[in-house]
Amino acid sequence: EPFPIRWEQFLAENVGHFPLLSPAEQARVRDTTRILVAEKTWEGGRGLFVTEEMKVTVAAQAALLLLGDAHDYFARVDSVVVYPTPFQTPVRDDYWEDDELSESELEGQAHYRGPVLLSWDVVLEEARDPGCGHNLVLHEFAHQLDFLDGGSNGTPDLGDRELESRWKYVMTVAFRDHRKEIDEFEEGGPEPFFSEQAAETEDEFFADATEAFFCMPHDMKFAFPQVYELFALYYKVDPARWFPAPPPEPS
């Protein structure tokens, strides 16, 4: 079915990336958003009623990851669960079926061949500010792309042996460098480009780098140029075109 006119307001008000895109890219986002809204099961956590606005806002951001290539519309993601605020999940004991919740609160979570869980207040705040450097939807759906090769290792299904070899080398070096920056930061050094969470595992590094690629492209090109180039090849887009170039350094 055609993209509903009333959804245009949700894109204009909530999805800060959308007006930055070319008309062709905007059309592709609309098409993908329409399909994601229709094909996924949308559920509310803690009694939240999931509105059309929530569905469109989430789906349009996830669609950014699919702009550059043919895709299956996250076919392995059966549902999206939206909580009003950060949430606690059941502990793993008893196959997640007990009533005991973990002590830590989460803003989002991605499950292999399962749902994506999101905190609506975080989603909305970050969606409206495309250059803030963080985007929960991009992060969690990047994990779903990572799952496509059968594991969670920071390497999505690249479909090209040469690119796979290059990816492994560049991402391994970048991950190692980031962990070194984290260690130096904890000892009083400069703040690292990526988050502390990105230093935990390769899959978190990939998801965090995806956020930076789409939200801080110029900064990422400067800090990690080889990683940016790899991501441009994988996602087949160049987000640096969407954002104004930074002013030149004073001479």
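**Figure 1. Packing of helix H1 on helix H3.** In this predicted model, helix H1 (residues 7–14) and H3 pack at an angle of about 60°, with their axes 9 Å apart. Helices here are DSSP runs of H or I with at least four residues, strands are runs of E with at least two, and both are numbered from the N terminus. An axis is a line fitted to C-alpha atoms, for helices over the stretch in contact, and angles run from 0 to 180 degrees between N-to-C directions. The angle therefore makes H1 oblique to H3; angles under 35 degrees count as roughly parallel, over 145 as roughly antiparallel, 65 to 115 as roughly perpendicular and the rest as oblique. The crossing of H1 and H3 is right-handed, a term for a near helix turned clockwise from the far one by less than a right angle, with anticlockwise giving left-handed. Trp 7, Phe 10, Leu 11 and Asn 14 of H1 touch Glu 52, Glu 53, Val 56, Thr 57 and Ala 60 of H3, where contact means heavy atoms within 4.5 Å. This contact of H1 with H3 has five nonpolar, two polar and two charged residues. Ala, Val, Leu, Ile, Met, Phe, Trp, Tyr, Cys and Pro count as nonpolar, Asp, Glu, Lys and Arg as charged, and the others, Gly among them, as polar. Residues are numbered from 1 along each chain as its sequence is written, and side-chain values use heavy atoms, with hydrogens and water left out. Because the model is predicted, local features need pLDDT of at least 70 and side-chain atom pairs count only at pLDDT 80 or more, while totals for chains, interfaces and linings use all residues.

**Figure 2. Packing of helix H5 on helix H7.** Helix H5 (residues 136–146) and helix H7 (residues 202–215) have axes 8 Å apart and pack at an angle of about 130°. H5 and H7 are therefore oblique to each other, and their crossing is right-handed. On the H5 side the contact is made by Leu 136, Leu 138, His 139, Ala 142, His 143 and Asp 146. The residues from H7 include Asp 203, Phe 206, Ala 207, Thr 210 and Phe 214. By class, the contact of H5 with H7 has seven nonpolar, three polar and five charged residues.

**Figure 3. Packing of helix H6 on helix H7.** Helix H6 (residues 161–186) and H7 pack at an angle of about 95°, and their axes lie 11 Å apart. H6 is therefore roughly perpendicular to H7. Trp 167, Met 171, Ala 174, Phe 175 and His 178 of H6 meet Glu 202, Phe 205 and Phe 206 of H7. The contact of H6 with H7 has six nonpolar, one polar and one charged residues.

**Figure 4. The largest pocket.** The largest pocket holds about 490 Å³ of space. On a 1 Å grid over the protein atoms alone, a pocket is an open set of points with protein on both sides within 12 Å along at least five of seven lines, a cavity is a set where a 1.4 Å probe fits but cannot get out, and lining residues have an atom within 4 Å of a point. Grid points are joined across faces, edges and corners, and a volume is the space filled by probe spheres set on the points. Of the 24 residues that line the largest pocket, Gly 108, His 139, Glu 140, Gln 197 and Glu 204 lie nearest its centre. H5 gives the largest share of this lining, four residues. The lining of the largest pocket divides into six nonpolar, ten polar and eight charged residues.

**Figure 5. The two cavities.** There are two cavities of 30 Å³ or more. The largest cavity has a volume of about 60 Å³, and its lining is Phe 74, Ala 75, Arg 76, Val 77, Arg 113, Gln 144, Phe 147 and Leu 148. Arg 113 is found in the loop between E3 and strand E4 (116–119), and its phi is near 50°, a positive value in a residue other than glycine. The second largest cavity holds about 40 Å³ of space. Its lining takes its largest share, three residues, from helix H3 (residues 52–64). By class, the lining of the second largest cavity has eight nonpolar, no polar and one charged residues.
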